[in-house]
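Take the points one at a time and find each spot as you go.

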Amino acid sequence: MAIPHASNETSYLLPPNKEDWEGHGIPDFVYGQEELVMEGVQWPRGALSLLNTPPLSHFDSALCSAWRQRMELGLFRYPLGALPTQTLPGTVGFVAQLNVERGVQRRRPQNIKSVRQEFDPEQFNFNQIQPGEVLFRLHGKRDRPGSVQQEDILVVINVSPLEWGHVLLVPEPARGLPQRLLPGALRAGVEAVLLSSHPGFRVGFNSLGGLASVNHLHLHGYYLAHRLPVEGAPSEPLDPRGRLHVLQALPAPGFLFYTSRPGPDLEALVSRVCRATDYLTDCDIAHNLFVTRGAPPGKTSSSSALSGVRVILWPRKPSFGIKEGEAFNVALCELAGHLPVKTAQDFSSLTEAAALALIRECLLPPAQAEDVQVALVALIGQEEQ
């Protein structure tokens, strides 16, 4: 997928000579709150690509130009062209894509036995990546009194991409943080979505046991030029102040957090979500999380109303390792309705019913799901009034 060059992108590109990459240094992408795009992002009529999104933001231009250059330089495990894509017939609106190379060539998952497993420096981690895999350092300015300082986040290519622009957001890798969601990492993920003017840039998190393959704190970010069911799925409030909602719609029930404003409201959302994920981690409950532009909570199902940010959290059964023989593995994007399929045969034969059956196998039993909901409602209710 071609991306037009912009004059302000060159600082994020590698030098032409590979020998110079080691000493190139990591460029900074510094942004202020005024660069967060809170209004005016919507799905256009007809097909969407990065070419016809009006206009690309500074963040989009920096990420896409640097990512494209790394692809041209052969730093990925495989070249990524336009992926065969179809919307499965049915009521859900699953977006299925055939990505054979990712299924074959992605790094094998580490030996994970617990959601609470500690970081192991002897295992692969993001301190071991090759020169040139880091695109830039994402750093949010916090220049208002009382604002929370943002740690530096490395934006790194995923060498086995599932879609265009697939990157990892890695907070200060030298700290050796395990794959447990922290407020600074989630804040960077939500703000990355808001820095993009593309409605299909999403961010997500897989816990250990939720198909995270590396036990070193990271989030995923990628572009998908298709609407997804969770953007506008109706929800019911679980809290009288609107701080927590439940999505009961397919493809999977989950907990919905929402904000349409930066600043204190976004900080409150980050704190609330991380309290929920801390509870799940402490209880050794695997989970997946997805951040996308979307509609406000409520009865509406209009996915064109991208007036804020939805953060959806799914507690789920633990699953360690990759299941061979399945059409897809159930993690953050699959629960949101995006299905990267491994083989051409499965891609041609996959049905909505079969996809739902695979996802249903990964959900918590009803009694445990109910216990988790009660616990999260009580946790949110403990916030200061």
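1. Ground rules. This is a predicted model, where local features need pLDDT of at least 70 and side-chain atom pairs count only at pLDDT 80 or more, while totals for chains, interfaces and linings use all residues. Residues are numbered from 1 along each chain as its sequence is written, and side-chain values use heavy atoms, with hydrogens and water left out.

2. Strand β12. Helices (H or I, at least four residues) and strands (E, at least two) are DSSP runs, numbered from the N terminus. Have a look at β12, residues 286–294: 9 of its 9 residues are buried, so the rest of the structure largely encloses it. Buried means under 20% relative accessible area, exposed over 50%, and partly exposed in between (1.4 Å probe, protein chains only). A286, N288, F290, T292 and G294 point one way, and H287, L289, V291 and R293 point the other way.

3. Its neighbours. Strands pair if DSSP finds at least two bridges between them. β7 (residues 201–206) runs antiparallel to β12, with 4 bridges, and G204 sits opposite F290. β13 (residues 308–316) is also antiparallel to β12, joined by 9 bridges; there V311 is the bridge partner of V291.

4. Helix α8. Which residues of α8 are buried? They are V372, Q373, L376, L379 and I380.

5. E383. You'll find E383 in the segment after α8. E383 counts as buried, at 16% relative accessibility. Leaving out residues up to four places away in sequence, E383 touches R243, R272 and R275. Its side chain makes a polar contact with the side chain of R275 at 3.5 Å (a pair of N or O atoms within 3.5 Å; within protein, one must be able to donate a hydrogen and the other to accept it, and residues adjacent in sequence count only if both atoms are side-chain atoms).

6. Aromatic rings. The structure holds 10 aromatic pairs. Rings of Phe, Tyr and Trp (its six-membered ring) pair if their centres lie within 6.5 Å; planes under 30 degrees apart are stacked, over 60 edge-to-face, and the rest tilted. F29 and F59 have ring centres 5.8 Å apart and planes at 80°, so this pair is edge-to-face.

Key. Contact means heavy atoms within 4.5 Å.
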